Amino acid sequence: MAQKHYPRIYVVLFMLLLSLITPAKARAEMMLEVTTSGSNSATVEFSLQDLDAMDQVTFSTSTIWTDDKVTFSGVPLKALLTELNTDGTSIEMVALNDYKVTMPLAELENDAPIIATRMDGETMSVRDKGPYWVVFPYDQDPKYRAETIYTFSIWQLKHLKVVD
Amino acid sequence: MKPELNRYRLLVLAGICLLIILFATMVSNLLTQVRDLSSADEDNIQWSISQIDIEFANLDAVLTEQIAAQTGFSDQLQLRADIALSRLNVVNSGRAREIYGDSSEAAELIEKIEVFGDDAVAILDSSEPLDETDLLELKRLVRDVRPVVRELALLGVRIVAERSEDRRAELAGQLSRTGGIAIGLLILMALLLLFMDRLLQRSVRRDAALSASSKQLASTVAASLDAIVTSDSSGRIIEFNASAERVFGWTRNEIVGLTMEDTFIPQRMRDAHHNGMKRYLETGAPRVVDAGRVELAALRKSGEEFPVELNVTTTHDGDDTKFIAYIRDISERKINEQKLIDARDRAERTDKAKSQFMTVMSHEMRTPLNGILGVLDLLKTTPLNDQQARYTRIATSSSEVLLEHVNEALDITRIETGNLQLNSEVFDLTELMQALVELFEPLANEKNLAVKLNINPAMQGPYHGDSGRIHQVLTNLIGNAIKFTEDGEVTLHVSGIHGTETSSLRFEVIDTGIGIPAEQHEQVFEDFIALANSEGRQARGDGLGLSISRRIARAMGGDVSVKSVEGAGSVFILTLPLRRTEPETRDDSDNLAQNAKQAPTCNILIVEDNSINRSVLCDMLTSMGHTVREAVNGEDCLQKAKNEAFDIILMDISMPVMDGIEATERLRRSNGINARTHIVGLTAHGREEYRERSVAAGMDRFHTKPIRLEALQNIVAEVTSKHLSKPDTAHFPEALSEMIDLLGSAKVANIAEKFLSEIAEFTADLRVASDPLDTLAFAEAAHRVKGAASLLGQIELHDAFEKLELDARDGNLTATQIWAETLEAEAAKSKSVLDGAINRHANTP
C-alpha cells in the first residue's frame with residue numbers, strides 16, 4: 001500500500017535531500033525531525049543526545065532482519081510525542097530513502113514501539129539500518145509479528161509527522 | 001434391561017469421548033493455521049528484497065548525475081551509497097538469508113554482491129577524497145552489480161513465491177484435514193443424535209406401553225369383582241378398589257391412610273393379624289401371606305362381621321414390602337352352602353322318616369298277621385268239615401300273600417337304605433330245590449301244571465351262601481311262572497360251571513306261558529311295574545317281586561335276566577356265584593327231623609307284650625305238649641325266671657318297660673338259674689336290624705314274626721336234641737380236661753369230691769323223702785347238681801338230674817327209690833371217670 005505512493009514521495013524527498021547535501025566527506029550527524037500537528041504546527045529536531053536524555057527502554061528480541069537475538073534501546077515513540085505535547089489520530093513516518101508509512105496513534109503503547117538508538121549497546125550507522133529504527137518487542141507477543149507491525153518497523157528513520 | 005442400558009450408556013460415552021478428541025484435534029489444527037496465517041514475515045522480506053534493486057538504481061542515477069554535473073563527491077552520494085550498502089546486509093542476514101540459504105544460485109550471486117560491497121566500501125571509505133576516477137570506478141561497479149542484484153531480487157521473489165505456494169499447499173492440506181475432522185465430527189454428532197432419537201422413541205414407546213399397561217391394570221383392579229386392598233408394610237392402606245368400597249362400605253378417600261387393623265379386621269383377630277404381619281416382616285415366613293385362599297372373617301364399616309375368602313400376596317418395591325389382599329365376600333356363598341346342607345339334612349331326615357315309616361308299618365302289619373296266621377294254624381289242628389277246611393286254607397294263603405307283600409316292601413326299604421345283609425351258611429342245593437318244588441306243587445296241581453326239577457348231577461352238593469335269599473328269589477320266579485302259565489309245565493333247571501373255589505350256578509325257571517314282548521323284557525324288573533294282560537288284570541310281576549329279586553341277586557354278585565318269546569313262554573334265569581364246601585353226612589339232619597316229632601317235653605317261657613300273639617304261641621306250644629309260662633315284658637320275664645328254670649325262653653325284642661335285648665343281657669349276667677337258658681329272639685322287624693344286637697346281648701337264635709307252627713317245632717326239636725345228644729364220657733370229656741388244665745388237678749379233685757358228696761346227700765334225701773314230696777326243693781337241688789355235672793362234663797348225670805328236675809316241677813316226681821338207685825349208679829360211674837382223669841393229669845408234668 002505504501003508502495004503506491006512511492007514515486008511521488010520519492011521526487012519530493014529527493015528535492016528535499018538535494019538542498020541538504022553538503023560537500024563534505026565527514027558525515028554530518030543525523031537529526032530526527034518531528035512535525036507536530038494543529039494550528040501551531042512546528043518541526044522539532046532531535047539529536048541523538050536529545051533522545052539519550054529521555055527515559056530509555058531496552059528489550060531483547062529476534063527480528064526477521066537480524067540473525068540472532070539483539071538488544072534494542074531507545075525512547076518509546078509515545079513518550080516522545082507526550083514530550084512534544086502533541087495530539088492527533090496518526091503519525092507519518094519517513095525513512096532516509098523516502099519510504100513512508102502511517103501508523104494510527106491508537107497503536108502506540110507505553111513501551112512499544114521505541115525509536116531505537118542502539119543495537120546491542122552500539123549506535124547504528126546508516127549502513128546498519130541506523131541511526132534511528134522503529135522496533136517492537138517482536139518476541140513478546142504474536143501480535144507484534146503481524147504484517148502491519150513489520151511495515152511500521154521503519155529503518156533509517158528521518159522524519160515523524162503527527163497528523164490530525 | 002439393565003445390561004442393555006449400560007451398553008447404551010457406554011456407547012454414548014464413547015461417542016462423546018471421540019467427539020472431544022476430534023474437537024481438540026481440530027482446534028489445535030486451526031490454531032496452527034491461524035498462527036501461520038497471522039505471521040507475515042516473508043511478505044515483508046520479499047518487499048525488502050525487491051527494494052534492493054531500486055536502491056541500486058537510485059545510487060546509479062545519483063552517480064550518473066554527479067559525474068555529469070562534475071560536482072564531485074557529495075553527502076547525497078554518500079547517503080545513497082550507505083543506503084545501498086545497508087541493503088546488502090538485508091540479503092545476508094535474518095529471514096532473507098534463510099530464504100536464500102539452500103540456493104547455490106543465490107549463494108553465487110550473494111558472493112558477487114559481497115565482492116562489490118567490499119570494493120565499494122574500499123573506494124568509499126578511502127581516506128582520500130573521491131575524485132572523478134573513483135566515481136567512474138564506483139559507477140562501473142554499480143553498473144556491473146546491478147544485474148546481479150536484480151537477479152537476486154527476482155530469485156528472492158521466485159523462492160518466496162514457491163515457499164508461499166508450499167505453505168498454501170500445506171495450509172490447504174491442513175484445512176482439508178480440519179475439514180475432514182469437522183465432517184467426522186458432524187457425522188458422529190448426527191449418529192449420536194440419531195441414536196438419541198432412537199432411544200427417545202423407544203422410551204416414548206415404553207412410556208406409552210407402561211402407561212397403557214398401568215391403565216389396564218388400574219381398570220382391571222377397578223373392575224375386579226374381588227375387593228383388592230393394598231397396604232404398606234405397616235398395614236396402612238394405600239389402595240382400595242371399587243369392589244372393596246362395595247364390600248366393606250368404606251369409600252376409598254375415607255380409608256386410604258388408615259390401617260387395616262383399625263378398619264376392617266375384626267377386633268378378635270387384630271392381635272393375630274398384628275403378630276402375623278410382624279412375624280412375616282421379620283422372618284419372611286408366611287402363614288396367611290402367599291398361602292393361597294384362606295377363609296377368614298372381616299368387618300364392614302357398619303360393624304357387621306362377614307366371612308371372606310382371602311388371598312394375600314406381597315410385592316417388594318425397593319426395600320418396602322407391600323401387601324396386596326384379594327378379598328371375596330363369601331357370605332352369600334356361605335348362606336347358600338348352609339341352605340344346601342339344611343336341604344340335604346331335611347332330605348335325609350325325610351328319607352329316614354320314610355324308611356322308619358316303612359319299617360314301622362311293616363312291623364305294625366306283621367304283628368296282626370302273626371296273630372291271624374297263628375290262629376289259622378291252630379284252627380287247622382281242630383276237627384273241621386271240608387268247607388271250613390277250604391276257608392281256612394284260603395285265609396291262610398291270603399295271609400301268606402299279604403305277609404309276602406309286607407316282607408317285600410321291607411326288603412325294598414332295606415335294599416335302598418343299604419341294609420341288606422347276606423348270611424353265609426352251608427346249605428344243600430338239592431334239598432333247597434326239592435323244598436321249592438314241594439312248596440309249589442299244590443298250587444301247580446290246582447292249575448293242572450306239572451312242576452319238573454332237573455339238577456345237573458355235577459352241580460349237586462353243599463354250597464356256602466344265603467339260602468334264605470336264594471329261596472326268596474326262586475320263590476318269586478316260580479310263583480310268577482305258575483301264575484302266568486295256563487297249561488303246560490314249569491321246569492326248574494339247575495346247571496353251572498365249577499371254578500377253583502366258587503361255582504357259577506345257573507337256575508332256569510322255564511314256563512310255557514304267555515311270554516313277554518321283547519320290548520318289555522327290562523321293564524319287568526322295574527319297581528312297581530306290572531304288565532297288564534289282555535283282560536286288564538295284573539300280569540307279570542307283583543309290583544316289587546322281580547325288582548327285588550334282581551336286586552338281591554345282584555347283591556349276591558349274580559343277576560336275574562329273562563328270555564322270552566311272546567305266546568311261547570319265558571325263561572327267567574338266576575345266575576349266582578357260590579362258594580363250594582365239602583359234602584356233609586346227612587345223618588344229623590335225619591336225626592333232627594325225627595327229633596322234631598319226638599321232642600321231649602320242655603318248660604318254655606314266652607315273653608311277649610301282645611296278648612294275642614302270646615296266647616297263640618302259648619296254644620301252639622301247649623298243643624305240642626310243652627309246659628308254658630308267660631311274661632308281658634322284660635321285667636316280668638326276669639321276675640318269672642328268678643325262681644323257675646326254663647329250657648327255652650321265647651323273647652320278643654320290642655316291648656314296653658324293658659325290651660328283650662336288655663332282659664337277655666340281665667339274664668345272662670345274673671348267674672341265676674336261667675343264665676344259660678336257650679333264648680330265642682322274636683321280632684316283627686326286619687331280620688337283620690336286630691340280629692347283631694340280639695346276638696351281642698346273648699340270644700342263641702333269632703326268628704322273625706310271624707313264627708309258624710312248623711318253625712316252632714323245629715326250634716324246640718333242635719334245642720332239645722342238643723341237650724339229648726350224648727357225647728362219649730367214658731373217656732375224658734373236654735370240659736373236664738379243660739378244667740383240670742385251668743385249675744390244676746388238686747383243685748378239681750376237691751370240686752369233684754364236693755360234687756359227689758352233694759349227689760350222695762341228694763340221694764339220701766330222696767330215700768328218706770315221704771309223701772307229700774317237697775317237689776320244688778328237689779327241683780332246685782336237682783338244678784344245682786345238674787349245673788355242677790355240666791361243669792365237670794358229666795353229661796349222663798346232668799341229663800338225669802335234668803329229667804328229675806323237670807319231673808319234680810311237673811309234680812310227677814314218683815318212684816323216689818328207683819331215682820335214688822339210678823343216680824347212685826351214675827355217680828359211681830362219674831367218680832371213676834373223674835378219678836381217672838385227675839390222676840392222669842396229676843401224673844403228667
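Modeller: A helix here is a DSSP run of H or I with at least four residues, and a strand is a run of E with at least two. Counted that way, chain B of this predicted model has 26 helices and 17 strands.

Colleague: Okay, let's look at some of those strands. What makes β13 and β15 of chain B a pair?

Modeller: Two strands need at least two bridges to pair. Strand β13 (residues 603–607) and strand β15 (residues 648–652) of chain B have four bridges, in the parallel sense, so they meet that rule. One bridge joins B:V607 to B:M651 in β15(B).

Colleague: Which strands make up the whole open sheet, and in what order?

Modeller: Going across, you meet β14-β13-β15-β16-β17 of chain B, with parallel pairing.

Colleague: And what makes β14 and β17 of chain B the edge strands?

Modeller: β14 (627–631) and β17 (701–704) of chain B each pair on one side only. Neighbouring strands in this sheet are turned by 20 degrees against each other on average, direction ignored.

Colleague: Which strands of chain B does helix α18 lie across?

Modeller: Helix α18 (residues 634–643) lies across β13, β14 and β15 of chain B, and runs at about 135 degrees to β14(B). Helix α19 (residues 660–670) of chain B also packs on the sheet, where it touches β15 and β16 (678–683) and makes about 145 degrees with the direction of β15(B).

Colleague: Elsewhere in chain B, how do you know that β8 and β12 pair?

Modeller: They share two bridges, in the antiparallel sense, and at least two is what the rule asks for, so they count as a pair. Have a look at B:H464: B:V426 stands opposite it, and in β12(B) its bridge partner is B:R579.

Colleague: On to the rings. How many aromatic pairs are there over all chains?

Modeller: The count comes to 19.

Colleague: Why is the pair A:F72 and A:W133 called what it's called?

Modeller: Their centres are 5.4 Å apart and their planes stand at 85 degrees. The cut-offs are 6.5 Å for the centres and over 60 degrees for edge-to-face, so the pair is edge-to-face. It links distant parts of chain A, with A:F72 in β4 (residues 70–76) and A:W133 in β9 (residues 133–135), 61 residues apart. Both A:F72 and A:W133 are buried.

Colleague: What about B:F762 and B:F778: how far apart are they, centre to centre?

Modeller: That's 5.8 Å, with 90 degrees between the planes, which makes B:F762 and B:F778 edge-to-face. B:F762 is in helix α23 (residues 745–768) and B:F778 in helix α24 (residues 775–791) of chain B. Both B:F762 and B:F778 are buried.

Colleague: How do you know that the charged end of B:R550 sits over the ring of B:F525?

Modeller: The charged end of B:R550 is 3.7 Å from the ring centre of B:F525.

Notes. Residues are numbered from 1 along each chain as its sequence is written. Chains are lettered from A and ligands numbered from 1 in the order in which they are written. This is a predicted model: local features need pLDDT of at least 70, side-chain atom pairs count only at pLDDT 80 or more; totals for chains, interfaces and linings use all residues. Side-chain values use heavy atoms; hydrogens and water are left out. Axes are lines fitted to C-alpha atoms, for helices over the stretch in contact, and angles run from 0 to 180 degrees between N-to-C directions. Contact means heavy atoms within 4.5 Å. Rings of Phe, Tyr and Trp (its six-membered ring) pair if their centres lie within 6.5 Å; planes under 30 degrees apart count as stacked, over 60 as edge-to-face and the rest as tilted. Buried means under 20% relative accessible area, exposed over 50%, partly exposed in between (1.4 Å probe, protein chains only). A charge sits over a ring if NZ of Lys or CZ of Arg is within 6 Å of the ring centre and within 35 degrees of the ring normal.
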